[in-house]
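Colleague: I'm new to reading protein structures. Please walk me through this one, feature by feature.

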Amino acid sequence: MENKCPFCGGKEGVWRGYRHNLSSVKRMRLCKSCGRKFTPDDGFLRMRFGKEDILYAVSLYRKGLSTSEVVKRMKRRGVSISRWTVILWWRKFGDYGKR
Ligand SMILES: [Zn+2]
């Protein structure tokens with residue numbers, strides 16, 4: 001995990017509080033050099049997907065592709081997800097558009 005401050009590059013920091021978003025809770029870090037708060041990049045920072053991306057993944061899975069195939073196709077599209085994410089989306093949005 002990268003704990004370097006994205007603003008000033010300082011490595012000195014303390015854990016300070018949490019940031020909540022729709023899918024998860026992130027720990028916040030307070031930089032000692034510049035005093036700004038940031039969330040260290042643990043690879044999930046860009047886990048914000050558009051409805052289109054989600055529905056595209058779900059439609060691929062519905063077509064019978066395996067989860068790893070869906071992950072590969074999404075990667076080609078510039079969207080990085082895990083196989084577990086495919087399952088979660090399928091459970092959540094699998095019925096979308098069927099009714
Ligand atoms: Zn800083």
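Colleague: At what angle do α1 and helix α3 pack?

Modeller: In general, two packed helices are described by the angle between their axes and the distance between the axes. Here, α1 and α3 (residues 83-93) pack at about 95 degrees, and their axes are 9 Å apart. That's why α1 counts as roughly perpendicular to α3; the label covers 65 to 115 degrees, with under 35 roughly parallel, over 145 roughly antiparallel and the rest oblique. The axes are lines fitted to C-alpha atoms over the stretch in contact, with angles from 0 to 180 degrees between N-to-C directions. On the α1 side, the contact (heavy atoms within 4.5 Å) includes Ile54, Leu55 and Val58, and the α3 side includes Trp89, Trp90 and Phe93.

Modeller: Keep in mind that this is a predicted model, where local features need pLDDT of at least 70, side-chain atom pairs count only at pLDDT 80 or more, and totals for chains, interfaces and linings use all residues. Residues are numbered from 1 along each chain as its sequence is written, and side-chain values use heavy atoms, leaving out hydrogens and water.

Colleague: Then how do α1 and α2 sit, parallel or oblique?

Modeller: Helix α1 (residues 51-62) and helix α2 (residues 67-76) have axes that come within 9 Å and cross at roughly 140 degrees, so the two are oblique to each other. Among the residues that meet are Tyr56 and Leu60 in α1, with Val70 and Met74 in α2.

Colleague: How many helices and strands does the chain have?

Modeller: There are 3 helices and 3 strands, in the order β-β-β-α-α-α along the sequence. Both are DSSP runs numbered from the N terminus: helices are H or I with at least four residues, strands E with at least two.

Colleague: Is Cys31 buried or exposed?

Modeller: Cys31 is buried, because its relative accessible area is 3%, whereas Cys34, at 31%, is partly exposed. Buried means under 20%, exposed over 50% and partly exposed in between, with a 1.4 Å probe and protein chains only. Buried residues make up 26% of the chain's 99 residues.
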